[in-house]
Amino acid sequence: MVFVQVILAVGIVLIVMIVLSTIWSLHSKRPIFKFAQKYQVFDKFHPIFGNLLELKDFTIQWKPKRKLMSKNFRPITLNSFTPVFYKNSKLLVEEFGDMKNEDIFDVCIGYTLRAFIETMGHKNHHFQPGETSKIAKCIDLGQRIAGDNIVKYTSGYLLFFWIWTDIMDLIKLIKSVMAFKTLLRQIFGEREKEIRENSPTSNILLDSLIQADRKVYTKYAAYTDFVTFAFAAVDTSGNTLAFLLTLLGMHPDIQDKVYKEILEEIGLDRAIEVQDLPKLKYVERVIFETLRLFPIAPVIGRYTTKDVICGTQTIPKGVNIMISILDVHRNERYWTDPLKFDPDRFLPEEIAKRPSSYYIPFSTGPRNCIGKTYALLSLKVVVATVVRHYRMSSNYKSVEEMDLRSLFTMRTTHNLDCQLTPR
Ligand code: HEM
């Protein structure tokens, strides 16, 4: 708290915490989201994470880059990933069979990591046994250490004190980030060589980054953005899957409905194909409701580039604003019995009754999540595959029993209580 006061006093960073009960923007035209600039709280992480998400040097470059990458997220490209999601879902089913004391978060992240490398990285990478779990742990450790030290990191004044007290943490943080980056550098380098030698063309993200106009992208920026995408894709979807399976374990009636839908629409044996996915309406509602209760990126931020009038208040130019999606999603004013897991909140007639701004797991506005459709597609395939093979159970009686923590993405402070029994 003292550190926060220091920050405020020197006027470097003003953090405004907006919780929905007081947020005006969500009622009006969401003016805050008109500002494409991300907040500047994390810029001190630059030496460790690199220019992830353009957090440090936000420039006009973001727009052409986003435009360039959007073509890798067109439905035709995303739909072509369905067999890859299915294949990797089957591997996850095998891994669940061998799971002993592992944290379900790490195992689920194994799925999203493999699927990301194969879809966005154009590579069927052979992971050593236990390698994906190790990487998942590294991503989490990096976030945990950075999260524990966020005030120190973000206030450069305390650098000396921080180095002195937390040098071991810093080393662990750098090592954990490097473990992930090393894998991605290898994938990037191998693909670059392949392209140089064979010049194949594709709509895959990595190819677009490698072949991009160097005026928009330097080679280093292309590699960094590949890392950004991997960070943004892997533990968001992986953690969502872990929460979703746990919620199904807590609600056997809902789980039965999911199973019944899969049985009726696809059956139990054949591969899941892209044309099956629109039929999985209940699975979709379960995914949406999971993301309401557990919006995996629970806090997002903006930096005001001019004065913003929100109702009776004015947020001045040059302010960092943190917006708590978790508070929006669990607020009683907007959701009846907000802590109850009820997928039917996402029936079309229920959705029509409320403003879209009450539900923003992928954010909104120009800098919303570019991977939304990819994530939903991947989750649908993996949920359907896992539920075909396993029955989940959990001893939790309420979501409040899950003690949450987060820096960029959210998970629990403890292993999740979710058991999987083969059907
Ligand atoms: C359940 C899964 C996911 C959730 C809940 C999620 C959520 C979010 C949120 C809340 C943001 C912040 C937007 C803002 O600040 O307004 C974001 C940004 C982003 N996400 Fe996702 N995400 C998910 C999966 C993915 C996937 C699978 C990818 C890529 C394949 C991805 C790529 C990105 C990128 C690149 C950004 C930055 C966009 C920009 O600044 O232009 N995300 N995501």
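Modeller: In this predicted model, 11 of the 13 residues of helix α13 are buried, so the helix is largely enclosed by the rest of the structure. Helix α13 runs over residues 281-293, and from its first C-alpha to its last it reaches 19 Å, which is close to the 18 Å expected at 1.5 Å a residue.

Thr-290 lies in α13, and its relative accessibility is 0%, so Thr-290 counts as buried, the cut-off being under 20%. If its neighbours within four places in sequence are left aside, Thr-290 is in contact with Thr-240, Phe-243, Leu-244, Leu-247 and Phe-341.

Tyr-220 is found in α11, and with a relative accessible area of 55% Tyr-220 is exposed. The C-alpha atom of Tyr-220 is separated by 28 Å from that of Met-168, and the two residues are 52 apart along the chain.

Helix α16 covers residues 372-389, and its axis and that of α6 come within 12 Å and cross at roughly 125°. That angle makes α6 oblique to α16, and the crossing of the two is right-handed. On the α6 side the contact is made by Tyr-111, Ala-115, Phe-116 and Thr-119, and on the α16 side by Tyr-374, Ser-378 and Val-382. By class, the residues of the contact of α6 with α16 divide into 5 nonpolar, 2 polar and no charged.

Helix α6 (residues 104-119) also packs with helix α5 (residues 82-98), at an angle of about 155° and with the axes 9 Å apart. An angle over 145° counts as roughly antiparallel, and α5 and α6 are therefore roughly antiparallel to each other. The crossing of α5 and α6 is right-handed. In this contact, Val-84, Phe-85, Lys-87, Asn-88, Ser-89, Leu-91, Leu-92, Glu-95 and Phe-96 in α5 meet Ile-104, Val-107, Cys-108, Tyr-111, Arg-114, Ala-115, Glu-118 and Thr-119 in α6. The contact of α5 with α6 has 10 nonpolar, 3 polar and 4 charged residues. Tyr-111, Ala-115 and Thr-119 of α6 are named in the contact with α5 and are named again in the contact with α16.

Leu-92, one of the α5 residues in that contact, can be related to a residue in another helix. Trp-62 has its place in helix α3 (residues 62-70), and at 11% relative accessibility Trp-62 counts as buried. Trp-62 and Leu-92 are 30 residues apart in sequence, and their C-alpha atoms are 35 Å apart in space.

Most residues other than glycine have a negative phi. His-122, although it is not a glycine, has a positive phi of about 60°; His-122 has its place in the loop between α6 and α7 (131-148), where it is partly exposed, with a relative accessible area of 34%. Asp-337 likewise has a positive phi, near 45°, in a residue other than glycine; Asp-337 lies in the loop between α14 and α15 (348-353), and at 47% relative accessibility Asp-337 counts as partly exposed.

The whole chain gives the setting for these parts. The secondary structure of the protein comes to 16 helices and 9 strands, and buried residues make up 53% of its 423 residues. Among contacts between residues at least 6 apart in sequence, 75% join residues at least 24 apart.

Methods. Residues are numbered from 1 along each chain as its sequence is written. This is a predicted model: local features need pLDDT of at least 70, side-chain atom pairs count only at pLDDT 80 or more; totals for chains, interfaces and linings use all residues. Side-chain values use heavy atoms; hydrogens and water are left out. Axes are lines fitted to C-alpha atoms, for helices over the stretch in contact, and angles run from 0 to 180 degrees between N-to-C directions. Helices (H or I, at least four residues) and strands (E, at least two) are DSSP runs, numbered from the N terminus. Angles under 35 degrees count as roughly parallel, over 145 as roughly antiparallel, 65 to 115 as roughly perpendicular and the rest as oblique. A crossing is left-handed if the near helix is turned anticlockwise from the far one by less than a right angle, and right-handed if clockwise. Contact means heavy atoms within 4.5 Å. Ala, Val, Leu, Ile, Met, Phe, Trp, Tyr, Cys and Pro count as nonpolar, Asp, Glu, Lys and Arg as charged, and the others, Gly among them, as polar. The expected span of a helix is 1.5 Å times one less than its number of residues. Buried means under 20% relative accessible area, exposed over 50%, partly exposed in between (1.4 Å probe, protein chains only).
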